[in-house]
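Hi everyone, thanks for coming. Let me put the structure up, and then we'll walk through a few parts of it together.

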Number of protein chains: 2
Amino acid sequence: MKNRNPSIKYLFEPRSIAIIGASHNTNKIGYLVVENILLGGYAGRVYPVNPKGGQILGHPVYKSVESIGDSVDVACVAVPAKTVFDAIKSCAEKKIKFVIIISSGFSEVGNISEERRIVSYARAHGMRIVGPNVFGIYSSSVLLNATFGPRDIKPGNVAIVTQSGAIGVAMIGKTKIEDIGLSTIISVGNKSDISEVDLLDYLISHKASKVILMYIEGIEAGEKLVKVLKMTTRKKPVLVIKSGRSKRGALAAASHTGSLAGEDKVFDDIAKQCGVIRAESIQEALDWCKFLANSPTPKGENTVIVTNGGGLGVLAADACEKYSVHLYDDSQNLKKTFSGAMPEFGSAKNPVDLTGEATAEDYDYALGAALRNRNIHSIACLSCETAVFDADEFTRIVEKRYADYKSAKPIVFSLFGGDKVETCMTSLKKSNIPVFPEVYEATSFLGAIYSHYRNRVHPAGTIETANIDTPHIESVINKAREDGRRFLLSHEAQSIIRAAGIPTPRSYIAHNLDEAANCAEGIGYPVVMKVTSKDIIHKSDVGGVALDLENKDEVIDAYEAILHNCRAHRPDALVEGMEVSEMIEPGIETIVGARRDRGFGPIVMFGLGGIYVEILRDISFRAFPLSREEVMNMISEIHSYPLFLGVRGGEKKDIDAMAGTIIKVGTVLQQCKGISDIEINPLVVYDYGEGVKAVDVRILLSES
Amino acid sequence: MKNRNPSIKYLFEPRSIAIIGASHNTNKIGYLVVENILLGGYAGRVYPVNPKGGQILGHPVYKSVESIGDSVDVACVAVPAKTVFDAIKSCAEKKIKFVIIISSGFSEVGNISEERRIVSYARAHGMRIVGPNVFGIYSSSVLLNATFGPRDIKPGNVAIVTQSGAIGVAMIGKTKIEDIGLSTIISVGNKSDISEVDLLDYLISHKASKVILMYIEGIEAGEKLVKVLKMTTRKKPVLVIKSGRSKRGALAAASHTGSLAGEDKVFDDIAKQCGVIRAESIQEALDWCKFLANSPTPKGENTVIVTNGGGLGVLAADACEKYSVHLYDDSQNLKKTFSGAMPEFGSAKNPVDLTGEATAEDYDYALGAALRNRNIHSIACLSCETAVFDADEFTRIVEKRYADYKSAKPIVFSLFGGDKVETCMTSLKKSNIPVFPEVYEATSFLGAIYSHYRNRVHPAGTIETANIDTPHIESVINKAREDGRRFLLSHEAQSIIRAAGIPTPRSYIAHNLDEAANCAEGIGYPVVMKVTSKDIIHKSDVGGVALDLENKDEVIDAYEAILHNCRAHRPDALVEGMEVSEMIEPGIETIVGARRDRGFGPIVMFGLGGIYVEILRDISFRAFPLSREEVMNMISEIHSYPLFLGVRGGEKKDIDAMAGTIIKVGTVLQQCKGISDIEINPLVVYDYGEGVKAVDVRILLSES
């Protein structure tokens, strides 16, 4: 049967909905969903289904799906897990487009096969599945509340996609008491078919959804997710709460969702790459959501803090550094702008301190001046409750100033104090003005505004891949496979790296003295010589290594000395030849790698090499493919980055060659599916223009 | 005149108080303070002073301090800055014990000399000064509200000491609406005389103060502060908000307070050393205060998370790692304890997941089991609002369980959801049960409980100093001073380091070939030889250095070669001799230093050496003197610490010798006041038992 691939629009705007497992028992999910749909104001046609028939809230109940004499866009299934498959069959028969399986008892408790059977059947019959193990969907455009959560959801501009049903249901309640309007909320549960990717694909151009909030526990189909996220975040802010940040949390998440949680640093870095704004806590994310939907995009990075207490100003400056908010610094302009609003001992430096004597009128003057000033792009307005604080007057002037500029310039407020401040904040919140009790919260919101601003103004960059000798690489892989190996030998790995255009130390095996001398001449001095023998593992111990050979005579002497030493120490060893190699000049040791991540697919890694990789974990990750700009961001965000810019009189290093190497390694992994892991450690980096050298390479193959 | 040094008890429990600058104008500070004292319920005698006389709120106003026919313990001064000195004189005349100078216009605006004049006069007349530039004092024991902040302060167990008046006044209002009871709140302002040290000295044994919250902008008298903080934190929790964490914030703080802000890392590390619990934001600190005063100390580190949503459990596990809360891990015991409270698909692993089906009764069972279990020492109880959430029932069971165990076992709650959860939280908060809307907040509070727990259970340790040859060190310092230098030459610094018992490379100057050979024999091979000549700066460039000389013949050859090279390249250079030194074996390069911090006095520093010092700033600080345990904490908290435990098959390093070196360097700085800075970089650390070697030493002398 042909897969119809129904448009996802029908999921969010169904003309009709069936509830299979509609219940007469008011405590059951099968009742609650019907009740929410019927009383929630849904404009479409509703078909509760229960073999017993009868009525729910005066609405007829159908004895079977077949008996519905109408086409149905969406079905919610809330029957026990073991009868879900039968329900799916009847949905297919009815040519229903989307089935939301609310029922639990599938992959989340290990029942993977039944879940797979359901999805294959559905997909084969042109149906798509949401869930299982979800709370349903709310969609403001048709006023559909097909969930078993709270009833009266306020329509608005925030779209929520959650992996956790429990957190989703609680969020419906929480957004209600926080007065956050929703365009939609949907849980993806086990993501057996429909995942965040499908939903973002819809939400990216869904006008009513101005902000998207995602609660994520584990990543699947990460390659597609990265792609759609990159597109979405250029259009609207995407906030993410991802639990499992810590080792212990990741373990708990793995045990809770049944999926293996990846390293959090990988998620964090790729979220950054995608322009996603990550919140630490649910409260932080909701704070951002509430106001981001209505916040204007700033015209630049200059923020001014206005305060009546130096202490609050300092705390806000601390918070600005934490949340990457840039403080405006032009002292002359600041002085000109604000000196009219403060006594002589005030400070027109940023944070601008109007002093504890500042009245509402002084704030009015200062805010007016800041809002009119084109060099100031956003404002954090703080106030301590003082003896002269007039709540009514302060509320009035803030409301006025905010109304005049709300579409032009972001302004956030934080008020600290007792009753009077509380009164003021309650009023301002009612007017949807971003006001927070704590300067850190106000500033973190400003940080979220700027994260989105930077997504919009920074060019996307062009995806870059390298030219690599794929046929050669494939032949090396095939040879290893023929040998039954899943790892490559050192020379095989080196040859793949060379086929990707990455320089490696030149090295040859010489079988006699003449060959050794010729190799050395070919490589250029100095060279290193090592005995090659399966019987000799610890070459240095038997005098089988000679370093720093500077001319032909030294090569000849060394050749004979090594042979002599080996014969003396290991008379029974079969000497196959001598490896003659280029001496590696010292440089900065880095690590460059690529691997297939379970969640994200091909990812690349860069960091400080040597033993510091393990201890300092000074590394960064990105999803592949990527642009040159993204590679440069990846390189510049490790702590040791200043090393590459030249410190203590050192030269600037060849960052371009490092970036090129990352792209080459990523390209190999992406194009040669047989490879699962590549790690160059160390990749020695030289002064600018002198390139890099891949000294040690480790390559693993995929499970066939 | 003799300094009477009045007991600070009179500041907090005055029998009488005068208000100099009492005003009839109800908008003036001089009125507000009188009003707060008179209407706030103060039990002592009140003497408003104003040359105009009259009455305030029916209370007689005295025309002068002299005209008060009674002894006065405390005076508040609220007159213009220029008349404060006269007021102080009249206070001295009256033998008043403490003067609180509310007036501003002193060192905070650069008027340092007048402030100094006032303090010297006061101290010479046995008076002590609070301020200037403060809001006053509230003290619950005598119901004294001598502030110009809000009136009705709830008496309670939290003592607040704040440097910022504005934040202090706002905090009075904020604690009121958050229902936090205060034992005292006092601002130290410019700290011209009385500082946090004096106040802590009182609060440490002040029974009503169970938690101390400090808002700090800059540190002075840090040596005494460290000492008193160490003692205080072993008895009661001390929370600190220190603004100026960031570079920008530190600059703003410096400009705001007029004092130089030190590096935040120094403050952070020394706060840790003192057992202080540092909050990032004011809200976080107040959240902790609210409940810490009534929270029992746990009996151990085992925490259990109980939740009805896996997602919340994972977020809490993340938060536990962030706030150093240890999750209990005995799966058998957990299973035995909790399996009765959950369906089969629940998880008795920690976080314990009762699943979304959990009712209030299930929570009751689980909480009861956890509270009774002696292996579980604290509980984080989380709940998402579900369809089965019963707010009344949940509130009832939580109140019951909490009441039964509130003096025995810490338990914190976090509830997430809508109206029902809000109702429940409001009730629980009224009963003073620690409940938070966000799992991160609940966990951060548990983290604060455990920080204090660790202060109580970890032994204080004995302060350790080293035996050093002080006379020799002083003679080296004196010689440099005679030369007019504030830096020491390399050999002088080395000799001080040796006088402190720290090994340095052996090194001698030879003036002829025989001497060179003898030096080498004395040192033991291999040795290094370098030409000594004021005329030759870049010794390597002229062939003036020979490394790795392994026997007498090589020493003789090298001596002649160097002489030859120098004559060839720099025929005009005067060769004074040859430096013959021990070859430094490679080891881990660290940095060890000590300096006089403007705020804290003598501090020591330890970190990874070489170029990583500058780039990775992987360093830690402590105030000196300290115990061996504190040194070990200092060493183990740098990121690179695993390097010293042996990685990649390396040997464990000589951590004891490192610790000893830190103590020796600290002792030198502490005992020899002439030294301001010592830096050993690198201090090379060898395998365990093989010690350390101070390769390069830089010592600077103090001014004067």
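Let's start in chain B, where V684(B) has K693(B) as its bridge partner in β30(B). That strand, residues 692-694, runs antiparallel to β29(B) and is joined to it by three bridges; strands here are DSSP E runs of at least two residues, helices are H or I runs of at least four, and both are numbered from the N terminus. Two strands count as paired if DSSP finds at least two bridges between them.

A quick word on the source: this is a predicted model, where local features need pLDDT of at least 70, side-chain atom pairs count only at pLDDT 80 or more, and totals for chains, interfaces and linings use all residues. Residues are numbered from 1 along each chain as its sequence is written, chains are lettered from A and ligands numbered from 1 in the order in which they are written, and side-chain values use heavy atoms, leaving out hydrogens and water.

Back to the hairpin: β29(B) and β30(B) have six residues between them, and G689(B) in the turn has a positive phi of about 95°. What else does β29(B) pair with? Strand β25 of chain B, residues 588-597, pairs with β29(B) in the antiparallel sense over seven bridges, with A594(B) facing I678(B) as its bridge partner. Strand β31 of chain B, residues 697-701, is also antiparallel to β29(B), over five bridges, and there D677(B) stands opposite L700(B).

Finally, the two chains: chain B can be laid on chain A with an RMSD of 0.2 Å by a turn of 180° and a shift of 0.0 Å along the axis (least squares on C-alpha atoms of residues with pLDDT of at least 70 in both). The copies are thus related as by a two-fold rotation axis.
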